[in-house]
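Here is a short report on how one protein chain packs its inside. Look at the model first, then read on.

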Amino acid sequence: MSAHPTPSIRTVKVWDPGVRLFHWTLVASVALAFLSSEEDSALSAWHVPAGWAAAVLIAFRLVWGVVGGEHARFSNLIRPSRMAGHVTGLLAGRVHASMGHNPLGGIAVVGLLALTAATVFTGATGGEDMHEVIGYVLLAMIALHVVAVVVMSVLSRDNLIRAMVTGRKTTVHFPDAQDAAPPARVAVPLAVLVVAGSAYAATRMDPGAFTPGARIEAGEAGEADQEREGGEGDEAGEADED
């Protein structure tokens with residue numbers, strides 16, 4: 001018999017509800033934004049609201065990265081001191097599970113947030129060409145991220161997608177692991193204030209920010225006014241000639 005009993009396998013809390021809600025809501029917002037990006041799309045009326053929703057979510061994530069749960073914080077996402085060892089291990093075929101994001105995964109999260117913010121910014125300010133370019137770069141990075149998550153889940157035998165749904169991981173790879181530290185006490189009220197404030201700011205910049213089709217209707221109304229003014233101008237010109 002072994003002198004040391006095998007530790008029982010437990011599950012521990014890793015991802016707090018805030019970061020999980022953010023993750024899947026942002027996935028839905030970005031997916032809707034891409035599906036509605038073509039003017040002839042049946043979902044085209046939702047493109048602008050989806051973009052503004054993503055902007056509000058980014059504002060939330062910036063705050064949650066400071067006051068959120070242990071593994072949601074930027075201090076645990078950006079770890080340059082561990083990057084070299086992690087990459088060297090991957091190149092040597094050594095894949096290890098991680099309680100939170102591994103060093104490359106953390107950098108990927110920050111990069112995806114930055115690209116999403118840039119896509120929203122260029123869309124809101126009218127930089128259509130750059131908006132489209134950054135949007136396609138974001139789409140490519142998302143695809144790469146999904147592939148990396150699936151590959152790492154298989155190689156490390158650690159279901160990363162399930163963990164982001166349930167918020168928990170088993171202790172198979174981490175026998176001594178404990179529940180991650182929860183969000184700070186001020187996290188929820190502060191996040192509510194930031195979400196409300198950023199949503200209000202969005203409506204100040206674009207009154208129809210969260211109204212599907214508002215910008216399309218405004219554009220059609222503007223075109224109708226121009227046509228009417230043009231018609232009235234032509235009639236006035238004809239009257240002058242008479």
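The largest nonpolar core has 29 residues. A nonpolar core here is a set of buried Ala, Val, Leu, Ile, Met, Phe, Trp, Tyr and Cys residues joined through side-chain atoms within 4.5 Å. Buried means under 20% relative accessible area, exposed means over 50%, and partly exposed lies in between (1.4 Å probe, protein chains only). Trp 15, Phe 22, Leu 26, Trp 64 and Met 99 have the most contacts inside this core. At least two core residues come from each of α1 (17–35), α2 (47–67), α5 (103–124), α6 (128–156), α7 (160–166) and α8 (187–205). α2 gives the most, with six residues. Helices (H or I, at least four residues) and strands (E, at least two) are DSSP runs, numbered from the N terminus.

The model is predicted: local features need pLDDT of at least 70, side-chain atom pairs count only at pLDDT 80 or more, and totals for chains, interfaces and linings use all residues. Residues are numbered from 1 along each chain as its sequence is written, and side-chain values use heavy atoms, with hydrogens and water left out.

Now take α1. This helix has 19 residues and reaches 27 Å from its first C-alpha to its last, close to the 27 Å expected at 1.5 Å a residue. The expected span is 1.5 Å times one less than the number of residues. Among the buried residues of α1 are Phe 22, Leu 26 and Val 30. Their cover includes α2, α5, α6 and α7. Leu 26 touches Ala 54, Leu 57, Leu 113 and Thr 116, leaving aside residues up to four places away in sequence. Such a contact means heavy atoms within 4.5 Å.

Next come the aromatic rings. Rings of Phe, Tyr and Trp (its six-membered ring) pair if their centres lie within 6.5 Å; planes under 30 degrees apart count as stacked, over 60 as edge-to-face and the rest as tilted. The count comes to two aromatic pairs. Phe 60 and Trp 64 are stacked, because their ring centres are 5.1 Å apart and their planes are at 20°. They sit four residues apart in helix α2, so about one helical turn separates them. Phe 22, Phe 60 and Trp 64 form one aromatic cluster.

| Residue | Relative accessible area |
|---|---|
| Phe 60 | 11% |
| Trp 64 | 4% |
| Asp 206 | 12% |

Asp 206 is found in the loop between α8 and α9 (214–241). Its side chain makes a polar contact with the side chain of Trp 52 (3.3 Å).

How values were computed. A polar contact is a pair of N or O atoms within 3.5 Å; within protein, one must be able to donate a hydrogen and the other to accept it, and residues adjacent in sequence count only if both atoms are side-chain atoms.
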